[in-house]
Amino acid sequence: MENFTSHINNLISDKIVAPILPSEQTLAMSEKRLNFKFGPELREYLQDFGFILFSGVELMGINERQKERSDLIKTTEFLREDYSCMNSYVVIEN
């Protein structure tokens, strides 16, 4: 069975990914900051791509350069401020 990364690679061939992928330490810090445990597919996406840009669309993520200033973290925190129903979710596309 193909893994999640393979599915993304098969679907999106022309993409830009994070120049420096997040470290395990950055992912752990992100989970703690967001009070959210990344599921296996999201963790795999973050480890293998960081984020993806394709055809004018951004799938948010985390990269090592920005760490806690990465879009996934900033956007999730921003939405949680106004929408408590988002407390159990993270934002990957806006």
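User: What does S70 touch, leaving out residues up to four places away in sequence?
Analyst: In this predicted model, S70 touches G61, I62 and N63.

User: Where is S70 placed?
Analyst: S70 sits in the loop between β3, residues 57-59, and α4, residues 71-82.

User: Buried or exposed, that S70?
Analyst: S70 is buried, because its relative accessible area is 0% and the cut-off for buried is under 20%.

User: And K67, where's that one?
Analyst: K67 is in the loop between β3 and α4. Its phi is positive, about 45°, although K67 is not a glycine.

User: How exposed is K67?
Analyst: K67 is partly exposed, with a relative accessible area of 33%.

User: Is N35 buried or exposed?
Analyst: N35 is exposed, with a relative accessible area of 70%.

User: OK, helices now. How do α1 and α3 cross?
Analyst: The axes of α1 (residues 4-11) and α3 (residues 40-48) come within 9 Å and cross at roughly 60°. That angle makes α1 oblique to α3. The crossing of this pair, α1 and α3, is right-handed.

User: Which residues make that contact?
Analyst: From α1 it's F4, T5 and I8, and from α3 it's E41, E44, Y45 and D48. Sorted by class, the contact of α1 with α3 has 3 nonpolar, 1 polar and 3 charged residues.

User: What about α2 and α3, how do their axes cross?
Analyst: The axes of α2 (residues 24-34) and α3 come within 11 Å, with a crossing of roughly 135°. So α2 is oblique to α3. The crossing of α2 and α3 is right-handed.

User: Which residues of α2 and α3 meet there?
Analyst: E24, L27 and E31 on the α2 side meet R43, L46 and Q47 on the α3 side. By class, the contact of α2 with α3 divides into 2 nonpolar, 1 polar and 3 charged residues.

User: α3 keeps coming up. Which of its residues are buried?
Analyst: In α3, the buried ones are L42, R43, E44, Y45 and L46.

User: And what do the buried residues of α3 pack against?
Analyst: The buried residues of α3 pack against α1, α2, β2 (52-54), β3 and α4. Two of the buried residues, E44 and Y45, are also among the residues of α3 in the contact with α1. R43 and L46 are buried too, and both are among the residues of α3 that meet α2.

User: What follows α3?
Analyst: G50 follows α3, and the phi of G50 is positive, near 80°.

User: Switching to rings: how many aromatic pairs are there?
Analyst: The count comes to 2 aromatic pairs. One of them is Y45 with F49, and that pair is tilted. The ring centres of Y45 and F49 are 6.0 Å apart, with 45° between the planes.

User: Why does 45° between the planes count as tilted?
Analyst: Because planes under 30 degrees apart count as stacked and over 60 as edge-to-face, with the rest called tilted. The Y45 and F49 planes are at 45°.

User: And are Y45 and F49 buried or exposed?
Analyst: Y45 is buried, with a relative accessible area of 5%. F49 is buried as well, at 4%.

Terms used. Residues numbered from 1 in each chain as written. Predicted model: local features only at pLDDT ≥ 70, side-chain atom pairs only at ≥ 80, totals over all residues. Heavy atoms only, no water. Phe/Tyr/Trp six-rings, centres within 6.5 Å; stacked < 30°, edge-to-face > 60°. Buried < 20%, exposed > 50% of the residue type's maximum accessible area, 1.4 Å probe, protein only. Helix = DSSP H or I, 4+ residues; strand = E, 2+ residues; numbered from the N terminus. Contact = heavy atoms within 4.5 Å. Axes fitted to C-alpha atoms, helices over the stretch in contact; angles between N-to-C directions. Parallel < 35°, antiparallel > 145°, perpendicular 65-115°, else oblique. Left-handed = near helix turned anticlockwise from the far one by under 90°. Nonpolar A, V, L, I, M, F, W, Y, C, P; charged D, E, K, R; others polar.
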